[in-house]
Amino acid sequence: MTQEFILETRGLTKEFRGFTAVDDVNLQVRDGHIHALIGPNGAGKTTVFNLLTKFLPPTRGEILYRGKPITSMKANEIARLGLVRSFQISAVFAHMTAMENVRVALQRKLGTSFHFWKSEKSLDHLNDRALELLEEVGLREYADVLTVEMPYGRKRALEVATTLALEPTLMLLDEPTQGMGAEDVDRIVELIRRVSKGRTVLMVEHNLSVVSRLCDRITVLARGSVLAEGDYQEVSRNPLVREAYMGSDAAEEEEASA
Amino acid sequence: MSATQTLTPAMQRQRNARLRRNTLYLVLIAIALVAPFVAYPVFLMKVLCFALFACAFNLLLGYAGLLSFGHAAFLATGGYFTGIMLASYPGLTPELGILIGTLAAVVLGTFFGVLAIRRQGIYFAMVTLALAQLMFFFFIQAPFTGGEDGLHGVPRGELFGLISLSDNLSMYYFVLAVFVIGFAIIQRTVHSPYGQVLKAIRENEPRAVSLGYNVDAYKLVAFVLSAGLAGLAGSTKTVVFQLASLTDAHWHMSGEVILMTLLGGVGTLFGPLVGAGLVVSLQTQLAQSPLGNWVSVILGLIFVICVLSFRSGIVGEVQKMVRKNFK
């Protein structure tokens with residue numbers, strides 16, 4: 001069993017009423033890497049992502065986490081193994097404060113989450129840890145702010161803090177910089193770099209400059225299949241990728257600017 | 001908790017809010033204690049029973065985000081079970097009868113919940129409605145419910161075998177105690193570790209899943225709690241009116257509790273109380289007036305106005321105003 005791969009898929013396939021969205025994908029994510037999943041619109045990135053996080057059941061194929069099959073597990077169960085996902089649209093609990101957002105993630109380990117007869121004061125001892133996590137993503141001063149009132153970039157950072165609360169071994173990020181201004185993008189890139197220490201990250205990302213700055217390895221999807229895999233240099237030189245993904249003009253520009 | 005812990009502004013605010021809330025509770029309980037000397041106790045008991053019913057419903061809609069259209073089934077099941085037990089076993093004390101009725105509603109709620117909880121939105125509402133209609137027809141056909149006539153002459157009995165409840169005043173204080181207990185359970189549930197997860201699920205269900213929570217199980221607990229408390233309301237109502245009838249099982253009743261909750265303010269602790277008070281008062285007042293036949297029309301009109309102009313209900317709007325002006 002190949003333990004160097006933390007996450008692996010074998011022949012992963014998803015069909016929707018005869019349309020094959022994901023076709024025989026073999027993906028291997030190395031322990032400790034920041035791995036990107038890129039591809040043009042409709043390439044099946046989000047579908048692959050939803051299959052990996054168990055938000056969709058695969059039609060065929062296997063998913064292995066540290067060599068063990070997790071194909072038939074439920075979405076909430078893999079979270080307990082340490083695979084925690086984020087969402088394309090910032091997934092926060094809007095009418096809770098930033099600290100409460102993080103605390104909800106922390107409280108699961110207490111095992112009192114079904115205790116409807118206990119006071120919520122019994123959660124207060126988690127506050128310090130929650131504040132630490134907020135500090136880590138630079139949101140300390142937002143602790144008491146209702147999330148709905150926070151700017152978009154900060155919500156994404158809060159999402160990262162909430163994810164970190166679970167001490168994930170593998171973070172799955174769905175387009176973490178989507179819809180952000182340049183300044184926020186830089187902040188999130190730095191944040192991902194910082195929190196990826198000692199962890200593995202698999203991310204779907206559109207923004208190629210983010211991918212080139214962050215990722216150790218890139219898998220390019222097109223029409224539901226793997227088109228190419230390698231580091232940024234290899235992938236960006238691959239003519240198939242240029243044609244399918246960037247369009248040859250865009251690829252040249254990219255090279256010229258690099 | 002350590003005494004040296006420093007208070008963040010949020011904790012200070014929470015503490016103040018708690019203090020204000022507790023003061024409000026004390027004032028309300030004081031009012032409730034003197035109320036039967038001012039108003040007709042039977043009317044007050046009716047309000048309290050429906051208020052508990054609406055509060056139970058609100059726990060599900062307002063805090064778990066689940067719209068059940070079959071809550072009449074739990075009210076009626078509680079009512080019939082209590083009625084049958086108290087009528088058949090003269091030695092049984094009323095509090096035990098109510099307990100049995102409540103447990104029956106819990107069992108039914110578990111059964112309904114398991115079947116319905118996987119469905120979302122309108123499908124959830126449809127499944128609960130269908131199951132409740134099933135119960136309605138069961139109550140018509142079953143040999144022990146009195147069919148269309150209902151169960152009459154349920155004895156009120158003696159509380160703990162000591163205090164006779166035939167007097168409306170003692171009955172009132174008993175009903176008040178039941179209401180306070182039910183309300184306290186809801187208030188604690190909302191402000192518990194479980195309540196936090198429930199809130200998170202309502203706010204963003206996929207995210208709650210990705211944090212490792214089995215959301216269906218949390219929703220089921222909310223459903224069963226809500227069903228049990230609705231059953232408690234129904235059981236108590238049967239003892240008060242010495243009657244369990246099909247009115248409680250009819251889908252009108254499921255609709256009425258939605259009306260009460262939305263009118264008062266869904267997702268607020270006091271909203272259902274205000275809504276139930278308003279609806280029951282209107283029904284009682286209008287029934288005695290020449291407009292008696294127009295009760296449904298007038299309630300419908302009020303509902304439309306409420307939905308169009310103040311969506312968060314009476315208590316919800318008041319809270320908004322207070323927050324805006326006294327921040």
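Among contacts in chain B between residues at least 6 apart in sequence, what percentage join residues at least 24 apart? The figure is 76%, where a contact means that the C-beta atoms of two residues, placed from the backbone, lie within 7 Å. The model here is predicted, so local features need pLDDT of at least 70, side-chain atom pairs count only at pLDDT 80 or more, and totals for chains, interfaces and linings use all residues. Residues are numbered from 1 along each chain as its sequence is written, while chains are lettered from A and ligands numbered from 1 in the order in which they are written.

To stay with chain B for a moment, its fold has 13 helices and two strands; helices (H or I, at least four residues) and strands (E, at least two) are DSSP runs, numbered from the N terminus. Chain B is as compact as a globular protein of its length, because its radius of gyration is 20 Å, close to the 20 Å that the globule rule gives for 327 residues. That radius is taken over C-alpha atoms, and the rule is 2.2 Å times the number of residues to the power 0.38. Along the principal axes, the C-alpha atoms of chain B fill a box of roughly 60 × 45 × 45 Å. Of the 327 residues of chain B, 50% count as buried, a label for residues with 20 or more other C-beta atoms within 10 Å of their own; exposed means 12 or fewer, and partly exposed is in between, with C-beta atoms placed from the backbone.

One well-covered piece of chain B is helix α7 (residues 193–203): 11 of its 11 residues are buried, so the helix is largely enclosed by the rest of the structure. Among the buried residues of α7(B) are Y194(B), L198(B), K199(B), R202(B) and E203(B). The cover over the buried residues of α7(B) includes α3 of chain A, along with α2 (41–64), α6 (168–190), α8 (205–210) and α9 (215–241) of chain B.

That brings in the other chain. In all, 35 residues of chain A are in contact with 27 residues of chain B. On the chain A side, the elements giving two or more residues are α2 (75–81), β7 (83–85) and α3 (98–107). Sorted by class, this side of chain A has 17 nonpolar, 10 polar and eight charged residues. Here Ala, Val, Leu, Ile, Met, Phe, Trp, Tyr, Cys and Pro count as nonpolar, Asp, Glu, Lys and Arg as charged, and the others, Gly among them, as polar.

Chain A itself splits into domain 1 (1–82 + 168–232) and domain 2 (94–167), with bounds that come from an automatic or database domain assignment. The C-alpha centres of the two domains of chain A lie 25 Å apart. Across the boundary, 11 residues of domain 1 of chain A are in contact with 10 residues of domain 2 of chain A. On the domain 1 side, helix α6 (residues 182–195) of chain A gives the most, with five residues. The residues on that side of domain 1 comprise eight nonpolar, one polar and two charged.

Chain A also has an open sheet of six strands, in the order β7-β8-β9-β4-β10-β11, with mixed pairing; strands pair if DSSP finds at least two bridges between them. At the edges sit β7 and β11 (225–230) of chain A, each pairing on one side only.

Within this sheet, strand β4 (residues 34–38) of chain A has five of its five residues buried. Both faces of β4(A) are covered, with I34(A), A36(A) and I38(A) on one side and H35(A) and L37(A) on the other. β4(A) pairs in the parallel sense with strand β9 (residues 200–204) of chain A over four bridges, and also pairs in the parallel sense with β10(A) over four bridges. H35(A) stands opposite L202(A) in β9(A) and opposite R217(A) in β10(A). Strand β10 (residues 217–222) of chain A pairs with β11(A) in the antiparallel sense over five bridges, and there L221(A) stands opposite V226(A).

Most residues other than glycine have a negative phi. K54(A), though not a glycine, has a positive phi of about 70 degrees. K54(A) lies in the loop between α1 (45–52) and β5 (60–65) of chain A and is buried, with 23 other C-beta atoms within 10 Å. R223(A), also not a glycine, has a positive phi near 50 degrees. R223(A) lies in the loop between β10 and β11 of chain A and counts as partly exposed, with 15 C-beta neighbours inside 10 Å.
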